[in-house]
Amino acid sequence: MAKNKKNQNEEPISEEVMEETTETTENTEEIEVEIDPEVKKLTEKCDELQDKYLRLAAEYDNFRKRSVKEKELAYLDAFARAVSGMLPIVDNIDRATAFADAESEMGKGIIMLQKQVYDVLEKMGVKAMESDGAEFNPELHNAVMHDEDDSDNKNIIVETFQKGYIYGDKVIRHAMVKVLN
């Protein structure tokens with residue numbers, strides 16, 4: 001080994017300094033290897049408790065998210081049931097409007113009532129599905145009749161017997177339709 005090592009811009013390192021550095025490094029390694037068993041137990045216990053805490057926190061977060069989702073679904077279901085209970089009344093108003101004389105006072109009243117009912121449904125976010133001429137979709141429509149035709153128009157709705165209604169993405173009532181096959 002050379003007695004004096006010299007780096008650029010540094011003074012030569014003596015052999016004594018190198019020996020002290022080597023001894024310090026060896027002592028440090030000895031300290032790291034010798035771990036008190038009680039400290040090791042406490043460290044393991046701390047790691048175990050931290051893992052338990054993290055799992056509990058994650059479980060609580062999942063519970064909170066699930067509760068919010070269930071509350072939203074309960075509201076949506078209650079809303080859909082309330083609106084579906086009113087839909088037979090809307091159907092009867094539509095039937096009355098079809099036979100109403102627009103010149104008579106009673107006919108004008110029925111037409112105004114129909115407009116008012118549709119305005120309320122629109123404000124609530126409930127929309128009537130337009131089905132005639134649309135392609136049949138089993139998620140939105142209930143086919144109660146089929147009509148045979150040789151044309152290329154397959155799965156097209158030719159007649160709507162009862163309007164369907166949706167609220168956002170949820171179908172409140174499926175439309176009852178006649179489909180062309």
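A polar contact is taken here as a pair of N or O atoms within 3.5 Å; within protein, one must be able to donate a hydrogen and the other to accept it, and residues adjacent in sequence count only if both atoms are side-chain atoms. The structure is a predicted model, in which local features need pLDDT of at least 70 and side-chain atom pairs count only at pLDDT 80 or more, whereas totals for chains, interfaces and linings use all residues. Residues are numbered from 1 along each chain as its sequence is written, and side-chain values use heavy atoms, with hydrogens and water left out.

The chain contains three helices and six strands, where helices (H or I, at least four residues) and strands (E, at least two) are DSSP runs numbered from the N terminus. Along the sequence these elements follow the pattern α-α-α-β-β-β-β-β-β. Of the 181 residues, 15% are buried (under 20% relative accessible area; exposed is over 50%, and partly exposed lies in between, with a 1.4 Å probe and protein chains only). Contact means heavy atoms within 4.5 Å. Among the contacts with a separation of 6 or more, 59% are between residues 24 or more positions apart.

The axes of helix α2 (residues 37–99) and helix α3 (residues 105–124) come within 10 Å and cross at roughly 155°. This makes the two helices roughly antiparallel (over 145 degrees; under 35 is roughly parallel, 65 to 115 roughly perpendicular and the rest oblique). Axes are lines fitted to C-alpha atoms, for helices over the stretch in contact, and angles run from 0 to 180 degrees between N-to-C directions. Residues of α2 in this contact include Phe 79, Val 83 and Met 86, and those of α3 include Ile 110, Ile 111 and Leu 113.

Two open sheets of three strands are described next. One has the order β1-β4-β5 with antiparallel pairing, two strands being paired if DSSP finds at least two bridges between them. Strands β1 (126–128) and β5 (170–173) are at the edges with a single partner strand each, so one side of each has no neighbour in the sheet. Neighbouring strands are turned by 35° against each other on average, direction ignored. Strand β4 (residues 165–167) is joined to β5 by three bridges, and Ile 166 is opposite Val 171 in β5. Helix α2 lies across β1, β4 and β5, at about 40° to β5.

The other sheet has the order β2-β6-β3 and mixed pairing. Its edge strands are β2 (141–147) and β3 (156–162), each with a single partner strand, so one side of each is left without a neighbour in the sheet. The twist from one strand to the next averages 35°. Six bridges join β2 to β6 in parallel, and Ala 143 has Val 177 of β6 as its bridge partner.

Two residues were examined individually. Asp 91, in helix α2, is buried, with a relative accessible area of 8%. Its side chain makes a polar contact of 3.3 Å with that of Gln 162. Not counting residues up to four places away in sequence, Asp 91 touches Gln 162 and Arg 173.

His 174 is in the loop between β5 and β6 (175–180) and is partly exposed, at 36% relative accessibility. A polar atom of the His 174 side chain lies 3.3 Å from the backbone oxygen of Glu 139. The C-alpha atoms of these two residues, 35 residues apart along the chain, are separated by 7.8 Å. Beyond neighbours within four places in sequence, the contacts of His 174 include Met 129, Pro 138, Glu 139 and Lys 163.
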